[in-house]
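I opened the model to look up a few residues and then the chain as a whole. My entries follow in the order in which I made them.

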Amino acid sequence: MTPVTVYPPDEDGGRRVRAGEAILGRAYSVRDIAALLQTAGLQDADEMTVVRADWIDWRGGGPNAWTH
C-alpha cells in the first residue's frame with residue numbers, strides 16, 4: 001500500500017491529502033479522504049478505513065482535527 005499523508009488543516013479547515021508523490025486533493029472530513037482514496041483506486045476505502053489505517057500519516061492532528 002502506498003503511504004498516504006494527511007497534512008495539517010489550513011486556515012479554511014481543509015487538509016491536503018497525498019499518496020506517494022501524488023496530491024489527491026483537499027479534504028474537509030474523513031468522508032472526503034475516503035472519497036479521494038476511492039478515486040485513486042482504493043475502491044473499498046470508507047470512513048472506518050481512514051480512521052483505522054496504519055498506512056495513513058496524520059500530520060497536525062488525527063482524524064478529528066479539522067481546524068487551524
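**Entry 1: Val6**

I listed the residues that Val6 touches, leaving out those up to four places away in sequence, and found Arg15, Arg16, Val17, Ile33, Ile56, Asp57, Trp58 and Arg59. Contact here means heavy atoms within 4.5 Å. I note that this is a predicted model, in which local features need pLDDT of at least 70 and side-chain atom pairs count only at pLDDT 80 or more, while totals for chains, interfaces and linings use all residues. Residues are numbered from 1 along each chain as its sequence is written, and side-chain values use heavy atoms, with hydrogens and water left out.

I placed Val6 in strand β1. Strands (E, at least two residues) and helices (H or I, at least four residues) are DSSP runs, numbered from the N terminus. Val6 counts as buried because its relative accessibility is 0%. Buried means under 20% relative accessible area, exposed over 50%, and partly exposed in between, with a 1.4 Å probe and protein chains only. I also checked Val6 against Thr39, 33 residues apart along the chain, and their C-alpha atoms are separated by 16 Å.

**Entry 2: Ile33**

I looked up Ile33 next and found it in helix α1. Is Ile33 buried or exposed? Ile33 has 0% relative accessibility, so it counts as buried. Beyond residues up to four places away in sequence, Ile33 touches Val6, Val17, Ala27, Val50, Trp58 and Trp66. The C-alpha atoms of Ile33 and Thr49 are 9.9 Å apart, and the two residues are 16 apart in sequence.

**Entry 3: the core**

I then looked at the largest nonpolar core, which has 16 residues. A nonpolar core is a set of buried Ala, Val, Leu, Ile, Met, Phe, Trp, Tyr and Cys residues joined through side-chain atoms within 4.5 Å. Val4, Val6, Val17, Ile33, Leu37, Val50 and Ile56 touch the most other members. At least two residues of this core come from each of β1 (4-6), β2, α1 (30-39) and β4 (56-58). Helix α1 gives the most, with five residues.

**Entry 4: two loop residues**

I found Gly14 in the loop between β1 and β2. Gly14 counts as buried because its relative accessibility is 2%. I set aside its neighbours within four places in sequence and recorded contacts of Gly14 with Pro8, Pro9, Arg26, Ala27 and Tyr28.

I found Glu21 in the loop between β2 (15-19) and β3 (22-27). Glu21 has 74% relative accessibility, so it counts as exposed. Glu21 lies 19 residues from Thr2 in sequence, and their C-alpha atoms are 9.5 Å apart.

**Entry 5: the whole chain**

I counted two helices and four strands in the protein chain. What pattern does the protein chain follow along the sequence? I read the protein chain as β-β-β-α-α-β. Its radius of gyration is 11 Å, close to the 11 Å that the globule rule gives for 68 residues, so the chain is as compact as a globular protein of that length. The radius is taken over C-alpha atoms, and the globule rule is 2.2 Å times the number of residues to the power 0.38. The C-alpha atoms fill a box of roughly 30 × 25 × 20 Å along the principal axes.

I noted that buried residues make up 38% of the 68 residues. Of the contacts with a separation of 6 or more, 37% are between residues 24 or more positions apart.
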